[in-house]
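Hello,

Here is the structure you will be working on. My notes follow below it.

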Amino acid sequence: MIPIVTAEQMRALDQRTITEALVPSLTLMERAGAGIVTHIEARYPPLAGKSVIILCGKGNNGGDGFVVGRLLRRKQARIHVLLLASPDDLSRDAKTMYQRFLRSAGKSAVTSPTDAEAIQQRLATGDILVDAILGTGTSTPVTGLYRDAIEAITASGRPTVAVDLPSGLHADTGAVLGAAVRADLTVTLGLPKAGLYSGSGIDCAGTVRLVDIGIPASFVESVGSRLMLLTDRAVRAALPPRRPSAHKGTYGHLGVIAGSVGKTGAAAMAALSALRIGTGLVTAATPASANDILEAKLLEVMTLPMPETKARTFARSGLERLLAFAGARDAVAIGPGLTTHPETVELVQEFVKRIDKPCVLDADALNALAGKSSLLTECKRPPIITPHPGEMARLETEATTQSVNEDRLGTATRFARERGVFVILKGARTVIARPDGLAAICPTGNPGMATAGTGDVLTGMVGGLLAQGLAPWDAACAATYFHGLAGDLAAQHLGQAGMIASDLIQHIPHALAQTT
Ligand SMILES: NC(=O)C1=CN([C@@H]2O[C@H](COP(=O)(O)OP(=O)(O)OC[C@H]3O[C@@H](n4cnc5c(N)ncnc54)[C@H](O)[C@@H]3O)[C@@H](O)[C@H]2O)[C@@H](O)CC1
Ligand SMILES: [K+]
């Protein structure tokens, strides 16, 4: 996992690298520029003959822009720099890089526009725009020529690459300071900045790529960041090895408690997803009269009929049987499609207090705890909960969906601490938080996943990994990551608009098999 940092932490790390590891600041800038060029080439090949317009501000972010310009020329791209400040005002390093750029490209490759119109005209000639106006040094709302440039970038509709972070974005909060660039690709330097994953940062940053500029690992560790970015390598390392001697019992037995009449699909999808993430055995317990439907839907999943209410939902009288069912499994996933029938709600409230197995609670299991989330503190083992912002708001007494969305990270970490649970707060850039306050952000996933049933898929995946013996934190992180990756693969094949939750399930094996 990679620590996510604030602007202040990043500055301190850069400074330590310069003064203690004795890496000259210009070397860091060269590395930054080279890394950015690699990512631009990967995204927009081939570069030869393309017109690239680089907008440079007066600070070191602009300095990176000059390096990018010089190195892109070697790829036979046609480069023009719009310098938005007087050369005399450039920071020391930016000035050096400006001079190096001039030596390689000549004076005619730079213009200093004085108004919005001049900027717009120039941008209209670009195939790719590079935003090197402002980086982590942004302190106040943008005005004047910088603002004109940011607005012109947006208006141009051209493919845009942001250097380090989209200009105008607050590096820590993701708030827009007056106006901010909307990038297709953000190449962030050293370590990812918190603002790329919160507030407007999620929309402004586009795809985020990271460039290693050689900050020593020991310096990074000493920052002690409480926020991490999930990495492919870390989540794969948490998966159980597939041993030649394995049998289906090796990979656990998950109990799924889900469904009601009209909602057997939720139970089916959770159960199937658990199998697709590698669980050995899955049994789904469902209200008796829905059982045959589930049997017909699922080939590989076992089913168990449970006592039901007149409305054909789980009945309160089934409590002891459900506890025995859970006791005979390695882990339990409860919630999808249960409904909020009062008897079922009562059943869930009792069940949650008494179950003594690794457990994931979702959907109607969370709705059963609406306004009563203190019950979670009575759990025998800290459960994983997987709310979307609406469910999160119902759990917290004084929250609304809007207030949750405005501070996703804060909400998830506070709740995890106060209630002693693991939280997977779903949505764009899913947040995972644990009781000790550590949190992670998931880089995978796309808007195509905003479709019915994808939450049930996640629940099955989390439960499946718990059944395979993963610790709750590892199960939560790996399930969220692979859920998003399966969604990204489904979107690649089918497009975002038409993909549905079943497509996601089919892509789980591909996500697991992917080698990066
Ligand atoms: N040695 C380093 O510290 C490294 C820094 N790097 C780059 O340097 C950037 C940080 O450089 P700086 O600290 O120079 O900061 P910036 O390049 O973000 O620019 C800050 C400059 O703009 C001014 N400014 C701040 N807010 C403004 C506003 N709203 N309107 C107009 N002007 C404003 C500041 O007074 C300052 O002069 C990083 O984002 C990264 O791109 C990279 O080259 C890697 C190494
Ligand atoms: K920038």
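**What turned up**

The largest cavity has a volume of about 40 Å³. A cavity here is a set of points on a 1 Å grid over the protein atoms alone, where a 1.4 Å probe fits but cannot get out. Points are joined across faces, edges and corners, and the volume is the space filled by probe spheres set on them. The structure holds 1 cavity of 30 Å³ or more. Its lining residues (an atom within 4 Å of a point) are V352, I355, K357, C359, L361, C379, R381 and P383.

This is a predicted model: local features need pLDDT of at least 70, side-chain atom pairs need 80 or more, and totals for chains, interfaces and linings use all residues. Residues are numbered from 1 along each chain as written, chains are lettered from A and ligands numbered from 1 in written order, and side-chain values use heavy atoms, without hydrogens or water.

Now the rings. Phe, Tyr and Trp (its six-membered ring) pair if their centres lie within 6.5 Å; planes under 30 degrees apart are stacked, over 60 edge-to-face, the rest tilted. The count is 3 aromatic pairs. F66 and F101 form a tilted one, 6.3 Å centre to centre, with 40° between the planes. Y481 and F482 pair edge-to-face, at 5.6 Å and 90°. F66, Y98 and F101 form one aromatic cluster.

Best wishes

Methods. 1 Å grid on protein atoms, 1.4 Å probe; cavity = no way out; pocket = protein on both sides within 12 Å on 5 of 7 lines; lining within 4 Å.
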